[in-house]
Amino acid sequence: MDFAFILDPLPSLKAYKDSSVAMMRALAARGHRICACEPADMFWDAAGMQARVVPLTVTGDDDDWYRTGVPEERMLRDFSAVVMRKDPPFDMEYVYATYLLEAAEREGARVFNRPRAIRDHNEKLAITKFAQFIAPTLVSRDVERIGGFIDAHGDVILKPLDGMGGTSIFRIRGDDPNRNVIIETLTHYGERTVMAQRYIPEIVDGDKRVLVIGGEPVPYALARIPKPGETRGNLAAGGRGEARPLTPREREIAAALGPGLWAEGLLVVGLDVIGGCLTEVNVTSPTCFVEIAQQTGFDVAAMFADAIERAV
């Protein structure tokens, strides 16, 4: 089969830990052909939805992991599947990319994750669809309302709705002398909507990334444990990743959400769980394939390859 991956610039991918690289390696090992492009390489004209792609030969050398062939312009519908793996920020250019990918779908392309489903599942706000699994949460840009939520719960996490990797996440206590300026800064004085969640002290045991592929959970989660003095467990913020078998609660959450998310075309989803509470539903480019595989021997990328082969 032919697969097209939509990615960040290839030189920016860190092959020793990148889940997209693991996916491409798994597909190439089965004899499939891989092409890559960036969102800027996609275009639509009277002929249909196309992209300027480069054929890739992937290697097992993390320092020199790919070779590129001669660039070519191809119809997206001619690929067995198109895999959208562009990292956030989820800005308007990202939205436009999803519109273009929907045009490709109308012409017969298979796209994973489905572009409409990506748009419909803001990675922070999507948890509101599953309120039975979340900690006390407020979504608002009303400065006074946010302040009242902090007063009610005493210890709160405040975060923007469009961040990734733990950027601009604050922990605020009721007596924090900087609470007002933090609220004003994140909301741009009430002009931007943010999310407030009651602080979950079990973060010290890890922010668990539970991967769901084709509606089925990977049997291990990656607990991202904050470094000393830090609230955020994100690996990008210096957290340490430790693979662990899923707990009964994590299996319950994955079983409740997985089939519905897959029915909407979300092939790969990363559920973030802290202390048994769902905190995010990651659908753009969920990670942690490599860390789980290295620590447990479970081949997450092979599970992905199985799922996408069945889907197309």
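This is a predicted model: local features need pLDDT of at least 70, side-chain atom pairs count only at pLDDT 80 or more; totals for chains, interfaces and linings use all residues.

**Reading the labels**

Colleague: What makes the link between the side chains of Gln50 and Asp45 a polar contact?
Modeller: The distance between those two side chains is 2.8 Å, and the cut-off for a pair of N or O atoms is within 3.5 Å. There's also the backbone oxygen of Gly48, 3.4 Å from a polar atom of the Gln50 side chain. Setting aside neighbours within four places in sequence, Gln50 has contacts that include Phe43, Arg74 and Leu76.

Colleague: How do you know that helix H1 is largely enclosed by the rest of the structure?
Modeller: Eight of its 11 residues are buried, so we say that of H1, residues 19-29. Among those buried are Val21, Met23 and Leu27. Their cover includes strand E1 (2-6), strand E17 (268-274) and helix H8 (300-311).

Colleague: What caps the N-terminal end of H1?
Modeller: That's Asp18, with a side-chain oxygen 2.8 Å from the backbone nitrogen of Ser20. Just after H1 comes Gly31, with a positive phi of about 90°.

Colleague: Which residues line the largest cavity?
Modeller: Met23, Phe112 and Phe304 are among them. The lining splits into nine nonpolar residues, two polar and one charged. The space inside is about 50 Å³, and a search of the whole structure turns up one cavity of 30 Å³ or more.

Colleague: On to the rings. How many aromatic pairs are there?
Modeller: Four. One of them is Phe112 with Trp262, a tilted pair.

Colleague: Why is the pair of Phe112 and Trp262 called tilted?
Modeller: The planes are 40° apart; under 30 degrees would be stacked and over 60 edge-to-face, so the rest, tilted, applies. The centres are 6.1 Å apart, and rings pair within 6.5 Å.

Colleague: What does the pair tie together?
Modeller: Phe112 is in strand E8 (residues 111-112) and Trp262 in helix H6 (residues 248-263), so the pair joins parts 150 residues apart in sequence.

Colleague: Are Phe112 and Trp262 buried or partly exposed?
Modeller: Phe112 is at 5% relative accessible area, so it counts as buried. Trp262 is at 27%, which lies between the 20% and 50% limits, so Trp262 is partly exposed.

Key. Residues are numbered from 1 along each chain as its sequence is written. Side-chain values use heavy atoms; hydrogens and water are left out. A polar contact is a pair of N or O atoms within 3.5 Å; within protein, one must be able to donate a hydrogen and the other to accept it, and residues adjacent in sequence count only if both atoms are side-chain atoms. Contact means heavy atoms within 4.5 Å. On a 1 Å grid over the protein atoms alone, a cavity is a set of points where a 1.4 Å probe fits but cannot get out, and a pocket is an open set with protein on both sides within 12 Å along at least five of seven lines; lining residues have an atom within 4 Å of a point. Grid points are joined across faces, edges and corners, and a volume is the space filled by probe spheres set on the points. Ala, Val, Leu, Ile, Met, Phe, Trp, Tyr, Cys and Pro count as nonpolar, Asp, Glu, Lys and Arg as charged, and the others, Gly among them, as polar. Rings of Phe, Tyr and Trp (its six-membered ring) pair if their centres lie within 6.5 Å; planes under 30 degrees apart count as stacked, over 60 as edge-to-face and the rest as tilted. Helices (H or I, at least four residues) and strands (E, at least two) are DSSP runs, numbered from the N terminus. Buried means under 20% relative accessible area, exposed over 50%, partly exposed in between (1.4 Å probe, protein chains only).
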